[in-house]
Amino acid sequence: MRPSDSFQAAATASAVHPAATDLSLSPWVVIWELTQACALACRHCRASAQASRHPAELSTEEGRRLLDDIAALQPAVLVLTGGDPLVRPDLFELAQHAVGLGLDVALTPSGTPNLNAAAIGRIQDAGINRIAISLDGASAASHDRFRGVEGSFAITLAAAREAARRGLPVQVNTTANQGNIAEMPAIRDLLDELGIAMWSVFFVVPVGRAATRDMLNAEQSEELFDFLYATGARGKYLVRTTEAPHYRRYLRQRQAESHRDSPAFRWSRRAAPRGIGDGAGLVFVSHTGEVFPSGFLPLSAGNVRRQPLGQIYRESPMFCAIRDRDRLGGKCGICEFRKICGGSRARAYAMTGDYLAEDPVCAYQPRGLAVQ
Ligand code: SF4
């Protein structure tokens with residue numbers, strides 16, 4: 001199996017997935033934050049991660065019940081995240097339970113000494129299908145400055161190489177921000193050598209330790225889309241964005257310009273095949289069981305200790321409002337791309353207090369004609 005096959009399998013599973021017909025019934029991606037504990041001190045951390053585990057974290061038993069609930073929803077992907085999920089001693093027990101339920105499990109470990117060759121072996125042995133690791137600079141100086149801990153860069157590269165050696169697909173997450181935007185070509189060059197399966201570029205949402213000054217503006221975002229499009233077109237690994245759904249609008253525009261399915265468009269669709277976004281195909285469960293539309297939109301719609309996850313996802317007024325793109329405000333509400341994009345609900349909330357407001361960092365001026 002090629003490194004990217006596992007990602008492509010998840011991305012093209014729509015023929016059997018219940019969300020293939022209706023994302024209001026079942027999420028495509030469930031993200032469970034097992035803990036907020038982490039040894040890193042990243043400048044943009046949405047979770048404002050702490051050194052110690054929170055005493056009210058979901059217990060092992062609660063976690064097993066949550067996984068049973070998640071399996072009933074049949075998401076395409078379950079992401080176990082943190083903080084640093086490797087901090088939890090029951091991580092592999094929980095992961096094996098999830099795999100036993102038939103879930104396709106990904107893990108996002110932090111670049112700390114916990115992420116050594118033995119840990120990568122255990123991750124693979126537990127049946128976890130891929131890992132996502134963060135790389136925010138092309139050098140130790142820039143990455144470690146961003147992550148707040150010396151040595152993280154070397155650990156991250158060693159982990160990526162060890163995973164590639166074992167045939168465990170690797171996704172690299174990069175948070176594009178004012179401090180590293182000029183470094184993106186160098187980061188791409190580095191990724192080219194690592195044999196990764198996917199590059200996911202995160203656009204800053206000012207929550208947790210991230211600040212508005214870290215964000216790219218609308219023009220910078222469009223320039224970065226140009227760069228990502230060209231990167232994806234090479235077909236070396238999948239390229240996608242996180243908290244930048246307007247990249248889908250950009251791809252649609254590029255497709256319309258070329259009047260054909262370009263290689264970049266086909267590759268990007270494989271990485272993000274549907275109009276999935278915060279609360280619409282994506283649901284986040286916090287370390288204490290709170291259910292958010294995403295980790296970047298920490299507004300609780302309920303708690304899995306009191307209600308099944310599926311009920312919260314389907315019935316919460318907030319989730320229902322977010323999924324109804326006709327209720328969006330500002331230019332997102334009249335945009336002809338709102339069904340495939342809809343803007344970042346997390347960024348709208350972080351910057352205006354209204355999760356239905358327009359995404360403040362989109363350069364597009366809608367024609368105001370609804371797409372049927
Ligand atoms: S205006 Fe809103 S819906 Fe339209 S492309 Fe921009 S972010 Fe997306």
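Modeller: Helix 2 and helix 3 are roughly parallel to each other, because their axes cross at roughly 20° and angles under 35 degrees count as roughly parallel, over 145 as roughly antiparallel, 65 to 115 as roughly perpendicular and the rest as oblique. This is a predicted model, in which local features need pLDDT of at least 70 and side-chain atom pairs count only at pLDDT 80 or more, while totals for chains, interfaces and linings use all residues. Residues are numbered from 1 along each chain as its sequence is written.

The axes of helix 2 (60-73) and helix 3 (residues 91-100) come within 10 Å of each other (axes are lines fitted to C-alpha atoms, for helices over the stretch in contact, with angles from 0 to 180 degrees between N-to-C directions). From helix 2 the contact takes in Thr-60, Gly-63, Arg-64 and Leu-67, and these meet Glu-93, Leu-94, His-97 and Ala-98 of helix 3 (contact means C-beta atoms, placed from the backbone, within 7 Å). Sorted by class, this contact has 3 nonpolar, 3 polar and 2 charged residues (Ala, Val, Leu, Ile, Met, Phe, Trp, Tyr, Cys and Pro are nonpolar, Asp, Glu, Lys and Arg charged, and the others, Gly among them, polar).

Ala-37 counts as buried because 22 other C-beta atoms lie within 10 Å (buried needs 20 or more, exposed 12 or fewer, and partly exposed is in between). Although Ala-37 and Gly-83 are 46 residues apart in sequence, their C-alpha atoms are 4.9 Å apart in space.

Seen as a whole, the protein has 14 helices and 10 strands (DSSP runs numbered from the N terminus, H or I of at least four residues for helices and E of at least two for strands). Of its 372 residues, 51% count as buried, and residues 24 or more positions apart account for 74% of the contacts with a separation of 6 or more.

Definitions and conventions:
Contact = placed C-beta atoms within 7 Å.
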